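Please take a moment with the chain displayed here, and follow the text from the overall fold down to single residues.

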Amino acid sequence: MKMTVPTWLTIARIVMIPVLVAVFYLPWKWTNFAAAFVFAFASATDWLDGYIARRWNQYSAFGAFLDPVADKLMVATALFLVVQSHPTKWMALWAAVIVGREIAVSALREWMAELGQRKKVAVASVGKIKTIVQMVAVTLLLYQAPVLGIPVFSVGEWMLAVAAILTLWSGFEYLRAAWPALREQAHAGVDTQ
């Protein structure tokens with residue numbers, strides 16, 4: 001197994017998950033800043049590992065597998081923390097949409113890999129925009145406190161709603177890209193029975 005710099009950054013992102021949880025529950029006033037910082041730093045490593053992989057051609061099969069897993073684990077954990085500390089119906093709904101879509105797309109990618117057509121469900125531009133909006137929203141929700149009179153938490157709530165809508169849109173794009181292969185597989189299964 002080839003261990004590249006991007007793969008080490010991805011592993012670091014996974015290691016930051018228990019750090020995020022521990023910092024979030026510390027009984028000090030500055031923990032909201034620390035939790036937001038840990039999450040923002042982890043989000044930056046997600047961008048950085050992709051940049052390094054592309055710039056210096058440091059790709060590995062293990063890194064390609066682990067990167068989306070690390071992202072999903074970090075985002076899901078952060079969303080669970082936010083919903084636990086602010087259990088509103090809307091917050092729970094947006095978090096459920098985001099986490100549910102991540103599980104569904106992971107299953108779709110696995111299915112397409114079984115069919116030998118994983119490249120048909122590559123990340124689209126709407127998925128990248130969704131990720132940026134989602135990462136900023138979660139950072140603001142973890143930070144919570146107003147900045148220069150700006151209600152950071154409220155801005156984060158609205159951004160999370162936008163991220164959830166973009167999540168559904170990008171999930172639809174994945175399904176649309178995979179649909180011909182899935183339909184062909186379904187017809188092949190009917191023909192052989």
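At what angle do helix H1 and helix H2 pack, and how far apart are their axes? In this predicted model, H1 (residues 5-24) and H2 (residues 31-55) pack at an angle of about 170°, and their axes are 9 Å apart. Because angles over 145 degrees count as roughly antiparallel, H1 is described as roughly antiparallel to H2. The residues that form the contact of H1 with H2 divide into 17 nonpolar, three polar and three charged.

This pair belongs to a chain with six helices and zero strands, so that the order of elements, read from the N terminus, is α-α-α-α-α-α. Taken along the principal axes, the C-alpha atoms of the chain fill a box of roughly 65 × 40 × 25 Å. Of the 193 residues in the chain, 42% are buried.

Phenylalanine 39 has its place in H2, and with a relative accessible area of 0% it is buried, since buried means under 20% relative accessible area. Phenylalanine 39 and valine 19 are 20 residues apart in sequence, while the distance between them in space, C-alpha to C-alpha, is 9.6 Å. Tryptophan 47 is likewise found in helix H2, but this residue is exposed, with a relative accessible area of 56%. Trp47 takes part, together with Leu48, Tyr51 and Trp56, in a nonpolar surface patch of about 450 Å².

The loops hold two residues whose backbone deserves a look. Asparagine 57 lies in the loop between H2 and helix H3 (61-85), and its phi is near 50°, a positive value in a residue other than glycine. With a relative accessible area of 57%, asparagine 57 is exposed.

Methods: Residues are numbered from 1 along each chain as its sequence is written. This is a predicted model: local features need pLDDT of at least 70, side-chain atom pairs count only at pLDDT 80 or more; totals for chains, interfaces and linings use all residues. Side-chain values use heavy atoms; hydrogens and water are left out. Axes are lines fitted to C-alpha atoms, for helices over the stretch in contact, and angles run from 0 to 180 degrees between N-to-C directions. Helices (H or I, at least four residues) and strands (E, at least two) are DSSP runs, numbered from the N terminus. Angles under 35 degrees count as roughly parallel, over 145 as roughly antiparallel, 65 to 115 as roughly perpendicular and the rest as oblique. Ala, Val, Leu, Ile, Met, Phe, Trp, Tyr, Cys and Pro count as nonpolar, Asp, Glu, Lys and Arg as charged, and the others, Gly among them, as polar. Patches are made of residues with over 30% relative accessible area and no salt bridge: like charges are joined within 9 Å, nonpolar side chains (Val, Leu, Ile, Met, Phe, Trp, Tyr) within 5 Å. Accessible areas come from the Shrake-Rupley method with a 1.4 Å probe; for residues, only the protein chains shown count as cover. A salt bridge is a side-chain nitrogen of Lys or Arg within 4 Å of a carboxyl oxygen of Asp or Glu. Buried means under 20% relative accessible area, exposed over 50%, partly exposed in between (1.4 Å probe, protein chains only).
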